[in-house]
Amino acid sequence: MTEPDTIDVLVVGAGYAGLYLLHRLRAHGLSVRVVEAGDGVGGTWYWNRYPGARCDVESVEYGYSFSAELDSEWSWNERYSTQPQILAYLNRVADRFDLRRDIQLNTRVVAAHYDDAGRSWRVRTEPAGADSDEHAELVARFCVMATGCLSKPKTPDIPGVGSFAGPTYSTSRWPHEGVDFTGQRVGIIGTGSSGVQSIPVIAEQAARLHVFQRTANYVVPAHNRELTNADQGPEELAERRSSALNTRSGLAFDGGELNERAATEVSEEEREREFERLWRKGGLTMLLAFTDVGTEGPTNEAAAEFVHRKIREKVRDPKVAETLVPRDHPFGAKRLCVDTGYYETFNRDNVTLVNLRETPIEQVIPTGVRTTAEHIELDALVLATGFDAMTGALTAIDIRGSGGARLRQQWANGPSTYLGLAVAGFPNLFTITGPGSPSVLSNMRLSIEQHVDWITDCIRYLDEHDIASIEATEAAQDSWVAHVAEVAEPTVVAHANNWYVGSNVPGKPRVFMPYIGGVPVYRETCEQVAKDGYQGFVLTSA
Ligand code: N01
């Protein structure tokens, strides 16, 4: 039997995080292998190829910030980039920095077990997608999970979904060759961000589109537009990036425009003017209109009412408009969706909205969908039903730490981490944008870079000080978990049903997973931990 390859760092996932981590670690002379299940790099942007897929963070803030040369060689076409352009960008990054030679594609990590005696991880891989017993083992001093927060699709919990005779497409696993819906009767289940983006595009092509909506969402306009070179010159990029570092969400929002007041401190007219201004500006800004938008009370209710009015203005049929008005959760309590033409799509003659609250799906049958009211015949079915967010990709791997402790078991009642970066009992394991970090509540690119930089500096420190292992203490972890819960408590998002708390996945424990204390506080905390010699971690000498 051949001995497994031994390397310094094994990275799982070749998306935004894995690519940048490889680049940084390699620069420090470490041997690194990135293992990726996909047939190409790009992570989220490799898998989510559904029609209309684009980013809801502005392009000029979504590009990596680590290379001025890369900036000067790349220009974004639109304010909100399409999935193909982001994927092309990540492929350019992989080529530009010669990353591919250390990336193993089409390979899935199925297990990672810590070897206490060897102070290293034994990682088991198998060919992705193939029905094969063939597997390989790697030994790495450090294992970094760059597995993404929204990468494990939720198993559809819809009766009979496998029995549909026509093609069933999942937005998160869209065929690479695309799908032509011309002349077809299409049904789509799900009206989160993926549904909201794909519905207008599919509606333009299909003969008839049935949209199966369970929960109406708050959808704000993107006001997408083409970008010029002046929009993305070095000065503009520098200004946006430095401004982004100081906002809670890590999004620049044009610096000074953010309101630092509660709406209760201003007149009703001023509040409405500000909502209107941000609505016209487009994007996620509405959430930050006032400091009290995200907590229960009159400002949140006013923001909800404001969007309700906009929906009624846009949608011609009053009954359809009322079905699209979100009533069962506060504004911002589910992730806001950013659209191009979503509400207007329901004015088309070939689109029918099916209100699953009134007439739930009884069963998917070979010829279509049977609700309690009717049988809807379909040629194709699209599932935009979401993800097992934040923990799904981690618990899908059989991760065992010191003494064989199982991560799945340890997280049976919800994830516990120290800073979303490490887990007590799992030495030399790091998670990028893990639960307990700002991650999905921030500009992911910015948070990924911050984590990658922190992890790289940490490994360098360990090597310089001849330290073989680093492990978060239970005490530091407990206190961080308590802090994450405490800052979330006053917010509407922590108390609603949404994927941030795992309520979208049947049986998943209800825990608010991301850190809502804001990017600047979080970054300063991480920096202080490092400055203090990795406070809250136990470091063990070689
Ligand atoms: O998933 P979701 P997503 N029967 O969980 C419905 C990011 N993202 O893929 O709310 C009927 O939001 C479900 O209904 P309900 C972004 O962070 C970003 O759309 O559970 N319906 C809901 O309507 C986003 O938030 C971008 O009642 C069922 C939908 O499916 C996150 O990814 C683009 C059902 C799932 O919505 C996830 O978005 C895309 C059932 N059994 C995604 N099960 C951008 O950057 C689920 N649903 C713009």
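**Figure 1. Pairing of strands S9 and S12 in the predicted model.** Strand S9 and strand S12 run parallel and are joined by five bridges. The structure shown is a predicted model. Leu 209 has Val 351 in S12 as its bridge partner. Of the five residues of S12, four are buried, and the strand is thus described as mostly covered.

**Figure 2. The open five-stranded sheet.** Strands in the order S7-S16-S8-S9-S12 form an open sheet with parallel pairing. Its edges are strand S7 (168-170) and strand S12 (351-355), each of which pairs on one side only. From one strand to the next, the twist averages 20°. Strands of a sheet pair through backbone hydrogen bonds, either parallel or antiparallel.

**Figure 3. Strands S8 and S16, with helix H6 on the sheet.** Strand S8 (residues 185-189) runs parallel to strand S16 (residues 380-383), and four bridges join the two. Within this pair, Leu 381 in S16 stands opposite Gly 187. Helix H6 (residues 193-205) packs on the sheet and touches S8, strand S9 (208-213), S12 and S16. The direction of H6 makes about 170° with that of S8.

Figure 4. The buried residues of H5 are Gln 83, Gln 85, Ile 86, Leu 87, Tyr 89, Leu 90, Val 93 and Ala 94. The elements that cover these buried residues include helix H1 (16-27), helix H2 (44-47), helix H3 (59-62) and helix H4 (68-73). An α-helix has 3.6 residues a turn, so residues three or four places apart point the same way. Just after H5, Asp 98 adopts a positive phi of about 50°.

**Figure 5. Packing of helix H14 with helix H16.** The axes of helix H14 (residues 444-464) and helix H16 (residues 519-531) come within 11 Å and cross at roughly 5°. H14 is therefore roughly parallel to H16, since angles under 35 degrees count as such. On the H14 side, the contact is made by Leu 446, Ser 447, Gln 450, His 451 and Trp 454. These residues meet Val 519, Tyr 522, Arg 523, Cys 526, Val 529 and Ala 530 in H16. By class, the residues of the contact of H14 with H16 are seven nonpolar, three polar and one charged.

Figure 6. Arg 119 is located in the loop between strand S4 (107-115) and strand S5 (120-127). The relative accessibility of Arg 119 is 29%, so this residue counts as partly exposed. Although 309 residues separate Arg 119 from Asn 428 in sequence, their C-alpha atoms are 8.2 Å apart in space. Neighbours within four places in sequence aside, Arg 119 is in contact with Tyr 114, Arg 141, Asn 428, Ala 468, Ser 469, Thr 540, Ser 541 and Ala 542.

Figure 7. The loop between S16 and helix H12 (392-395) contains Thr 391. With a relative accessible area of 7%, Thr 391 is buried, because the cut-off for a buried residue is under 20%. When neighbours within four places in sequence are left aside, the contacts of Thr 391 are Trp 411, Pro 415, Pro 435, Lys 508 and Met 513.

Key. Residues are numbered from 1 along each chain as its sequence is written. This is a predicted model: local features need pLDDT of at least 70, side-chain atom pairs count only at pLDDT 80 or more; totals for chains, interfaces and linings use all residues. Side-chain values use heavy atoms; hydrogens and water are left out. Buried means under 20% relative accessible area, exposed over 50%, partly exposed in between (1.4 Å probe, protein chains only). Contact means heavy atoms within 4.5 Å. Axes are lines fitted to C-alpha atoms, for helices over the stretch in contact, and angles run from 0 to 180 degrees between N-to-C directions. Angles under 35 degrees count as roughly parallel, over 145 as roughly antiparallel, 65 to 115 as roughly perpendicular and the rest as oblique. Ala, Val, Leu, Ile, Met, Phe, Trp, Tyr, Cys and Pro count as nonpolar, Asp, Glu, Lys and Arg as charged, and the others, Gly among them, as polar. Two strands pair if DSSP finds at least two bridges between them.
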